Amino acid sequence: MNFESLLRALNEFHTARVLVVGDVMLDRFIYGSVERISPEAPIPVVNVERTSDMPGGAANVARNIAAMGARVKLLGVVGADEWARDLRTQLAASPSIEAHLVTDATRPTSVKTRYVADSQQVMRADRESRTAVGVEIERALLDQFAVALRDTAVVILSDYAKGVLSDSLTKALINTARRAGKTVLVDPKSRDLGKYRGANVLTPNRQELQQASGFECRDEASVHQGGQAILRDGVCDALVVTRGKDGMSVIDGDGATHLPTSARQVFDVSGAGDTAVAAIALGTACGATLIESAQLGNIAAGLVVGKRGTATVSAGEMVAELAAYSGNTDREKIYTLETALHLTRIWRASSQKVAFANGCFDLLHPGHISLLEQARASADRLIVGLNADVSIRLLKGPNRPVQGEVARATVLAALKFVDAVVIFSEETPLRLIEALEPDVLVKGSDYTLDNVVGAREVMARGGRVVLIDLLKGHSTSETVKRVATIR
């Protein structure tokens with residue numbers, strides 16, 4: 001694993017532009033508890049407590065790309081129903097996703113409803129049509145595809161076998177993209193991988209490769225044989241085969257490279273394939289080799305299965321995980337929340353006080369340096385919560401940040417008075433503050449106690465909030481404006 005090469009790719013994620021086409025759907029999770037068996041049939045009775053909706057299928061691929069800091073265009077088909085309205089609302093909430101969903105009144109929006117009781121999935125109910133879309137819908141998608149291609153580096157075809165990626169449309173999309181010089185990745189569901197002939201890379205799982213190749217694909221050798229059979233047939237240039245707990249295999253004309261899984265614990269595998277293909281596409285878009293891109297996909301998938309539900313990961317989390325594997329954690333000082341919690345336990349065991357400050361830190365200036373230096377002086381250790389690219393776009397618009405989260409985290413980590421950097425994707429750092437339980441919460445004096453996020457929680461535990469005077473004349477927004485006026 002070449003740490004520096006992977007870090008360079010991650011540092012460029014925020015500049016990437018990806019186009020996703022495929023079967024969009026809505027993932028609905030119904031959470032509750034089970035206390036009895038139904039008297040009507042031998043099935044559990046779920047006492048519903050809450051419901052959570054999020055984009056699924058190809059829309060989840062787009063959501064993952066956005067979470068990793070890049071911009072993405074999404075093409076798909078929905079019905080004329082309330083589920084479509086819900087999905088559009090979900091997608092519109094992210095300024096990094098530009099969704100163009102064609103309405104087909106003859107079919108329902110695909111919805112997967114999962115019932116989760118006491119952290120265990122007890123049932124899934126699907127509402128969908130698998131009928132191929134009509135000629136008019138295909139034409140509308142192709143027209144939008146041709147336009148969306150213009151500023152796209154990589155195309156992902158996300159096939160969930162719900163009828164959008166018909167044989168004819170798939171062929172037309174691949175041919176159009178290749179003529180435009182774009183790289184095409186396909187996450188397949190067809191038993192016949194010949195459907196995707198002309199794609200650069202296919203990302204089947206072990207079972208899909210087994211069905212398509214006729215090889216059992218039970219171990220590395222047979223996976224290699226199955227992949228070579230597909231390559232000999234001229235379907236694609238290379239394959240990245242996901243093998244669950246056994247990791248990934250990259251197979252091309254030069255042979256096979258097998259990557260062991262990086263997952264430390266598994267809570268939920270829902271959407272792990274979407275996360276992997278998103279990271280592989282972004283790595284490719286940022287100039288990484290296919291093996292390096294697969295390594296990024298492997299890291300991302302290993303992180304996402306450690307979360308519950310259809311989750312995502314950020315480029316910052318991937319950097320923290322990468323640093324841990326490479327032995328560069330101390331040098332980088334970039335942590336996931338999980339590893340930062342372990343760090344705070346070590347500090348507190350030696351009676352050290354922990355301060356917490358947060359911000360975007362897009363273009364580091366003297367005002368930032370002054371605030372962080374004073375924050376560190378208020379305690380023995382300083383953790384900086386850094387807004388991820390996706391949250392900055394929510395706060396400041398689609399043209400920010402100027403620098404991606406990996407670059408911003410790397411610069412902060414280089415400061416001697418910063419002990420750890422944790423990137424967060426939410427609009428506020430409240431989740432981090434509640435988990436890390438800092439002894440001191442630091443903000444600039446342009447805030448008051450009443451509007452400092454986390455102040456109430458910190459003071460309730462006996463901690464304190466420090467409002468630090470800011471250096472006048474220093475502002476990232478003003479700097480960006482001045483740079484924009486330079487011709």
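I began with the open sheet, where six strands run in the order β14-β17-β16-β15-β18-β19 with parallel pairing; strands here are DSSP E runs of at least two residues and helices are H or I runs of at least four, numbered from the N terminus, and two strands pair if DSSP finds at least two bridges between them. The model is predicted, so I note that local features need pLDDT of at least 70 and side-chain atom pairs pLDDT 80 or more, while totals for chains, interfaces and linings use all residues. Residues are numbered from 1 along each chain as its sequence is written, and side-chain values use heavy atoms, without hydrogens and water.

Because β14 (334-335) and β19 (464-468) stand at the edges with a single partner strand each, one side of each has no neighbour in the sheet. Within the sheet, I found β16 (residues 381-387) and β17 (residues 420-424) paired in the parallel sense over five bridges, with Phe424 of β17 as the bridge partner of Asn387.

Helix α13 (residues 366-377) lies across β15, β16, β18 and β19 at about 140° to β16, whereas helix α15 (residues 405-413) lies across β14, β16 and β17 at about 165° to β16.

Last, I checked α4 (residues 135-148) and α5 (residues 167-179), whose axes come within 11 Å and cross at roughly 15°.

Terms used: Axes are lines fitted to C-alpha atoms, for helices over the stretch in contact, and angles run from 0 to 180 degrees between N-to-C directions. Contact means heavy atoms within 4.5 Å.
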